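Got your viewer open and a selection tool ready? Let's take a walk through this one, stop by stop.

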Protein chains: 2
Amino acid sequence: MDSWVDGQPADTLSLKDRGLAYGDGLFETIAVRDGQPLLLDRHLLRLAQGCTRLAIASDHELIRSELLAYATALGEGVLKLIVTRGDGLRGYAADPSATGRRILQGNPPVAYPAVHGEQGIRLFPCATRLSRQPMLAGLKHLNRLEQVIARAEWHDTEHAEGLMLDQAGRVIEGVFSNLFLVRDGVLITADLKRCGVAGVMRAELLFQAESLAIPTQITDITLDQLQWADEVFVCNSVYGIWPVRAYAALSWPVGPLTRKLQTIARALLDA
Amino acid sequence: MDSWVDGQPADTLSLKDRGLAYGDGLFETIAVRDGQPLLLDRHLLRLAQGCTRLAIASDHELIRSELLAYATALGEGVLKLIVTRGDGLRGYAADPSATGRRILQGNPPVAYPAVHGEQGIRLFPCATRLSRQPMLAGLKHLNRLEQVIARAEWHDTEHAEGLMLDQAGRVIEGVFSNLFLVRDGVLITADLKRCGVAGVMRAELLFQAESLAIPTQITDITLDQLQWADEVFVCNSVYGIWPVRAYAALSWPVGPLTRKLQTIARALLDA
């Protein structure tokens with residue numbers, strides 16, 4: 001369906017937009033079922049936190065109401081919301097009176113092979129490392145060249161996702177997913193204080209685990225720890241959970257906690 | 001004047017452009033005098049190297065001819081060229097058959113205070129550190145959030161530029177300039193293998209110094225070395241050279257080598 005820019009149907013953007021010039025903005029990719037944007041509160045919370053950290057002025061009630069209206073019109077699919085700092089003058093200095101520009105784009109549902117969720121996937125070992133930048137860590141901002149070059153590292157269909165390490169060799173996340181491992185019943189995911197995107201499904205799974213009294217840990221993860229994991233899976237807010245069967249020479253069974261959380265994620269995305 | 005997209009007058013861009021979605025592209029900011037784009041070969045060389053490193057397909061003869069035509073129409077001012085990977089599908093994977101999209105924007109000459117060049121400037125000590133990313137280091141790509149947040153650190157007019165260190169505390173560059181120091185007659189600038197933008201004026205000054213038999217060094221620079229410098233200056237291909245008088249508690253005189261190179265830079269930009 002048509003995109004919207006600041007609430008109006010549009011298929012083009014001002015060439016002065018700072019989203020183009022500098023990647024000066026944020027985005028959310030939201031699954032839509034039966035006209036409902038799923039995990040909406042978590043998406044809006046992350047967006048609001050991002051706007052605060054980047055000092056992008058934006059009206060979050062307006063964003064919510066436009067998202068709801070757009071999702072109703074879309075019906076089924078994936079909605080992408082981009083918020084940029086709006087038009088810029090020449091140079092990096094932003095106009096302090098600028099308000100964020102809202103862009104909504106709708107796509108049909110993504111047809112990932114069902115086998116990814118059922119039997120699990122192989123992770124491609126990306127050579128591209130995530131850089132350390134605490135001032136941007138966790139944000140889903142528009143500076144995504146690291147993901148672009150990492151995703152260009154493989155073309156086969158054998159690898160459904162790639163694993164990205166940071167510059168120090170820590171295990172961080174997938175190119176478009178967060179990663180969890182299970183060890184001795186503890187659900188473990190990477191600390192994202194230096195780099196990485198704090199995914200909405202990651203936050204939801206940590207919350208769900210807590211309510212199920214499953215112990216969780218947010219910490220630095222080494223390749224050694226990955227090797228000794230009992231279960232490994234990746235997640236995002238569009239496909240839910242994919243068990244990870246293999247990464248380079250490592251392999252894991254699809255475990256019971258992965259299956260349990262996968263059922264929960266599926267229910268959230270079938271809402 | 002009107003912008004051009006792929007050679008045609010336009011003031012808007014497709015919402016599907018990967019420059020907006022991911023900052024998936026490169027740019028050049030080129031001074032134009034008497035209808036001529038200055039330091040054109042160096043700008044085109046850096047752009048071509050960037051396209052190669054990011055695997056963006058682009059026709060560099062076409063880019064050159066469009067640049068020349070646009071500069072003729074602009075007359076005097078600053079021309080910005082953006083090359084993106086073009087429209088994208090959903091997700092980070094690029095269409096291997098895509099060709100780069102060319103965007104040309106013209107602005108009037110920038111009116112920096114003459115005193116910056118005459119008496120020198122103060123550098124603001126930016127807290128924002130440049131992250132280490134060898135795969136993107138040197139490129140003038142569209143992922144510029146580090147510069148945006150660094151430039152937002154000061155609002156006074158006392159500081160004409162800010163100094164950015166890397167995560168290890170090395171002295172790298174200004175927010176929109178490269179930095180040189182002079183010590184015992186040697187012209188020294190930062191090694192940009194981990195981060196930073198390899199500026200066109202930086203390359204030209206290194207070349208000019210070589211032809212004048214001025215010894216040059218490209219190396220890691222510590223704050224200690226900055227402190228003991230005889231002269232410090234910043235440069236870019238729009239304003240030329242600004243001597244640096246002060247940075248935090250440090251200060252320097254405007255030295256003879258700075259003045260000599262400033263005269264050369266001015267001649268290049270008055271062409």
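**Stop 1: two loop residues in chain A**

Select A248(A), which sits in the loop between β15 (240-247) and β16 (250-251) of chain A. Helices (H or I, at least four residues) and strands (E, at least two) are DSSP runs, numbered from the N terminus. Before going on, note that this is a predicted model, in which local features need pLDDT of at least 70 and side-chain atom pairs count only at pLDDT 80 or more, while totals for chains, interfaces and linings use all residues. Residues are numbered from 1 along each chain as its sequence is written, and chains are lettered from A and ligands numbered from 1 in the order in which they are written.

What is phi of A248(A) near? Phi of A248(A) is near 50 degrees, a positive value in a residue other than glycine. As background, most residues other than glycine have a negative phi. Is A248(A) buried, partly exposed or exposed? A248(A) counts as partly exposed, because it has 13 C-beta neighbours inside 10 Å. The cut-offs use C-beta atoms placed from the backbone: 20 or more others within 10 Å of a residue's own make it buried, 12 or fewer make it exposed, and anything in between is partly exposed.

Now jump to D184(A), in the loop between β11 (178-183) and β12 (186-190) of chain A. Phi of D184(A) is also a positive value in a residue other than glycine, near 50 degrees. D184(A) is exposed, because 9 other C-beta atoms lie within 10 Å.

**Stop 2: the two domains of chain A**

Color residues 3-107 of chain A as domain 1 and 114-269 as domain 2; domain bounds like these come from an automatic or database domain assignment. The C-alpha centres of domain 1 and domain 2 of chain A lie 25 Å apart.

Where do they touch? In chain A, 17 residues of domain 1 are in contact with 13 residues of domain 2, with contact meaning that two residues have C-beta atoms, placed from the backbone, within 7 Å. On the domain 1 side, the elements giving two or more residues are β4 (25-33) and α2 (40-54) of chain A. Show β4(A) if you want the largest share of that side, 7 residues. The domain 1 side divides into 7 nonpolar, 6 polar and 4 charged residues. Here Ala, Val, Leu, Ile, Met, Phe, Trp, Tyr, Cys and Pro count as nonpolar, Asp, Glu, Lys and Arg as charged, and the others, Gly among them, as polar.

**Stop 3: a helix pair in chain A**

Select α6 (residues 200-211) and α8 (residues 256-269) of chain A, whose axes come within 11 Å and cross at roughly 120 degrees. Axes are lines fitted to C-alpha atoms, for helices over the stretch in contact, and angles run from 0 to 180 degrees between N-to-C directions. α6(A) and α8(A) are therefore oblique to each other: angles under 35 degrees count as roughly parallel, over 145 as roughly antiparallel, 65 to 115 as roughly perpendicular and the rest as oblique.

α6(A) passes α8(A) in a right-handed crossing. That term applies if the near helix is turned clockwise from the far one by less than a right angle, and left-handed if anticlockwise.

**Stop 4: over to chain B**

Pick α2 (residues 40-54) and α3 (residues 60-74) of chain B, which pack at an angle of about 145 degrees with their axes 11 Å apart. α2(B) passes α3(B) in a right-handed crossing. L40(B), L44(B) and A48(B) of α2(B) make the contact with H60(B), I63(B), R64(B) and L67(B) of α3(B). By type, the contact has 5 nonpolar residues, 1 polar and 1 charged.

Next, select A249(B), in the loop between β15 (240-247) and β16 (250-251) of chain B. A249(B) counts as exposed, because it has 7 C-beta neighbours inside 10 Å.

**Last stop: where the chains meet**

Show both chains; the contact takes 42 residues from chain B and 42 from chain A. On the chain B side, β3 (12-14), α1 (18-22), β7 (101-107) and α5 (145-151) each give two or more residues. Which element gives the largest share of that side? α5(B) does, with 6 residues. The chain B side divides into 20 nonpolar, 15 polar and 7 charged residues.
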